[in-house]
Amino acid sequence: MIGENGEQLGIMSAKEAYKMARDAELDLVKIAPTAKPPVCKIIDYGKYKYEMVRREKEAKKKQKIIEVKEVRLSPNIDTNDLNTKIGSARKFLEKGNKVKVTLRFRGREMAHMNQTKYVLDDFAEKLSDIAVVDKPSKIEGRSLVMFLTAKK
């Protein structure tokens, strides 16, 4: 049992604790219900709830959400098109996002998956100054997928 000013009141029955809280015109709140014995505190519940919500909002503000942006390529992509895609991936990485590079295969291109893997390798190599390969390329259905993350 913890008092309204944070002082330890020792172990007591639930009835005694409730009576003390009622005498102080406050609420009896279980702080740690899983502990043996459970820890209770005499506080104003409305104020306690307000503090908890405020702490949660503060924690939410401080965390940064990392988005995953996707860049799609085809196996027979031209160098200028590849450079354009590299430029857009560079912008995403500079903003702090992860980049998912997808090399999509259609029809007969499926037979030549291993020969066109170099496209992803070139992509990663040209961005190696600001990015590092997070997950190396692997086959997912009709495409090869690779993840890039910005260097720290």
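Which residue in E6 is the bridge partner of Lys 135? I looked it up: Phe 147 is the partner.

**Entry 1: ground rules**

I am working on a predicted model, where local features need pLDDT of at least 70, side-chain atom pairs count only at pLDDT 80 or more, and totals for chains, interfaces and linings use all residues. Residues are numbered from 1 along each chain as its sequence is written, and side-chain values use heavy atoms, with hydrogens and water left out.

**Entry 2: the sheet**

I traced an open sheet of four strands, ordered E3-E4-E6-E5, with mixed pairing. Strands and helices here are DSSP runs numbered from the N terminus (helices: H or I, at least four residues; strands: E, at least two). Two strands count as paired if DSSP finds at least two bridges between them. Strand E3 (68-73) and strand E5 (131-140) are the edges, each pairing on one side only. From one strand to the next, the twist averages 20°. Angles run from 0 to 180 degrees between N-to-C directions, and axes are lines fitted to C-alpha atoms, for helices over the stretch in contact.

**Entry 3: strand E6**

I followed E6 (residues 143-150) next. Seven bridges pair E6 with E5 in the antiparallel sense. E6 also runs antiparallel to E4, joined by six bridges. The E5 and E6 hairpin has two residues between the strands. Gly 141, in that turn, has a positive phi of about 70°.

Is E6 mostly covered or mostly open? It is mostly covered, with seven of its eight residues buried. Buried means under 20% relative accessible area, exposed means over 50%, and partly exposed lies in between (1.4 Å probe, protein chains only).

I picked Ser 143 in E6. At 10% relative accessibility, Ser 143 counts as buried. Leaving aside neighbours within four places in sequence, Ser 143 contacts Thr 102, Leu 103, Arg 104, Phe 105, Met 113 and Lys 138. Contact means heavy atoms within 4.5 Å.

**Entry 4: helices on the sheet**

I then looked at H4 (residues 118-126). Helix H4 lies across E3, E4, E5 and E6 and runs at about 10° to E6.

**Entry 5: salt bridges**

How many salt bridges does a search of the whole structure find? It finds six. The test is a side-chain nitrogen of Lys or Arg within 4 Å of a carboxyl oxygen of Asp or Glu. Side chains of opposite charge can pair when their charged atoms come close.

- Lys 19 and Asp 23 meet at 3.6 Å, N to O. They sit four residues apart in helix H1 (residues 14-23), so about one helical turn separates them. Lys 19 is partly exposed at 48%; Asp 23 is exposed at 56%.
- Arg 72 pairs with Glu 70, the closest N and O atoms being 3.6 Å apart. Arg 72 is partly exposed at 47%, and Glu 70 is partly exposed at 39%.
- Asp 129 pairs with Arg 90, the closest N and O atoms being 3.1 Å apart. This pair links distant parts of the chain, 39 residues apart: Asp 129 is in the loop between H4 and E5, and Arg 90 is in helix H3. Asp 129 is partly exposed at 49%; Arg 90 is partly exposed at 24%.
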